[in-house]
Amino acid sequence: MLTEAAVAERPAEKSRSSLVVEDITASASTLEGFDGHEKVLLGRDDDRGLTAIIAIHNTTLGPALGGTRIWMHDSFDAAVTDALRLSRGMTFKAAIAGLPFGGGKAVIRADAKRHKTPQLLDAYAEMLAMVRNRYVTAEDVGMTLADADYLRRQTPNVAGTTVGGSGNPSGYTALGVFLGIEAALKHKTGSGDLAGRTVAIQGLGAVGWALAERLSRSGARLLVADINESQCNKAVEMLGAEAVSTKSILKAEADALAPCALGGVISQQTIADLKVGVVAGSANNQLLHHDDAIALKKRGILYAPDYVINAGGLINVAAEIDPGGYDREKVMAKIAVIPATLSDIFADADRTGKPTNEIALQLAMKRINGDR
Ligand code: NAD
């Protein structure tokens, strides 16, 4: 098996298995979102159907921690760009949550429903083992708890597992997002009470569904959309939600919009049609471009920076790697800080006239640079 050092020295080498790992840091540096990544690796195994990118952005605060997304991007470059943008966000997410980890993320370019086989995961586990000291993975879109457990049996650098004790991070992410929506509504309107408030949720997957349940219990009215119609039907039946089309959810009239599907949904094209006071959801990289936050601000829409509000799952996953062992109480205490951090960011944004994502980035950079 190749070691990571061997990968760095020899750009492409075939191990005795059919896995080939290549250091593509130089070629990735021309792509959007590169932003000084320390290392970008491409793993290919034609026999076992694997094309995987592991992006390690910054390990100043500790080993890179971030999930693996299994998704069939339109092109290879789109997959690498997604890995880079997600990985960069993980650096800031861990820093703001006060975790001793850096940022990294992986993308397996595959359709999780059709291509995810034990053989593919075996090949990926081999690749993960090569970066065991620098990158720890966990769940993301397309990667389930069962997949994480399967990988964990082959390499130790997998968290968010049953073995390690933290389990699926989605419910913890949803809790942080729920508390974040309350904080955003409080800042925007003076009250964080959700009773009678309308929240539009885009995406009823692991996080979106758990969030919908919490919101429903708090008396919120739900508008929901998912490309998977059965999820919407379930929400209508079980939570009394109103289902809307995937096209109209971003135009829905509501107090808050919670993007909980994929990234890039807030853009120059969609901002003009938004009819909400607050954008606060779990999706990573909700803004297509950093400057879209300026357009949101101009429209008077309060944006809860994604890597601040959606850190609950990362906090839970990171607790699994704590030398003292997984401690749920500590996890809940750290998630409880998310709304306070957001409130500080909102207040700083008001004071300085800057968009909230700019303030969040400054806070993350301060922590990475050891200023506080
Ligand atoms: P998931 O795959 O379980 O759910 C995503 C849902 O979005 C699916 O139900 C899917 O059908 C739906 N969807 C996809 N495209 C859509 C569209 N155009 N319109 C409406 N629905 C659409 O993923 P998840 O774990 O719930 O994560 C959701 C988002 O939150 C992702 O962006 C993920 O990166 C982010 N996130 C998740 C966690 C976590 O703990 N799972 C943590 C931080 C961030």
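A backbone N or O atom of Ala206 is found 2.9 Å from an oxygen atom of the ligand. The structure is a predicted model. Considered alone, the ligand exposes 820 Å², and the protein buries 83% of that area.

**Surroundings of the ligand**

- The ligand is surrounded by 23 residues, of which the closest are Arg69, Thr173, Val207, Asp226 and Ala261.
- By class, this shell comprises 10 nonpolar, 9 polar and 4 charged residues.
- Arg69, listed among the closest residues, has a side-chain N or O atom 2.8 Å from an oxygen atom of the ligand.
- The side chain of Asp140 likewise places an N or O atom 3.2 Å from an oxygen atom of the ligand.
- Two elements give two or more residues to the shell around the ligand, namely helix H7 (170–189) and helix H8 (206–217).

**The open sheet**

- An open sheet is formed by 6 strands, arranged in the order E11-E10-E9-E12-E13-E14, and their pairing is parallel.
- In general, the strands of a sheet pair through backbone hydrogen bonds, in either a parallel or an antiparallel manner.
- The edges of this sheet are strand E11 (242–243) and strand E14 (302–303), each of which pairs on one side only.
- Strands E13 and E14 pair in the parallel sense over 2 bridges.
- Opposite Val278 stands Leu302, which belongs to E14.

**Two loop residues with positive phi**

- Asp35 is located in the loop that runs between helix H2 (25–28) and strand E3 (39–45).
- The phi angle of Asp35 is near 45°, a positive value in a residue other than glycine.
- Asn285 is located in the loop between strand E13 (278–279) and helix H11 (292–298).
- The phi angle of Asn285 is near 55°, which is again a positive value in a residue other than glycine.
- Asn285 counts as buried because its relative accessibility is 15%, and the buried class covers values under 20%.

How values were computed. Residues numbered from 1 in each chain as written. Predicted model: local features only at pLDDT ≥ 70, side-chain atom pairs only at ≥ 80, totals over all residues. Heavy atoms only, no water. Helix = DSSP H or I, 4+ residues; strand = E, 2+ residues; numbered from the N terminus. Buried < 20%, exposed > 50% of the residue type's maximum accessible area, 1.4 Å probe, protein only. Near = heavy atom within 4 Å. Polar contact = N/O pair within 3.5 Å; in protein donor to acceptor, adjacent residues only side chain to side chain. Areas by Shrake-Rupley, 256 points an atom, 1.4 Å probe, with all protein chains shown as cover. Nonpolar A, V, L, I, M, F, W, Y, C, P; charged D, E, K, R; others polar. Pairing = 2+ DSSP bridges.
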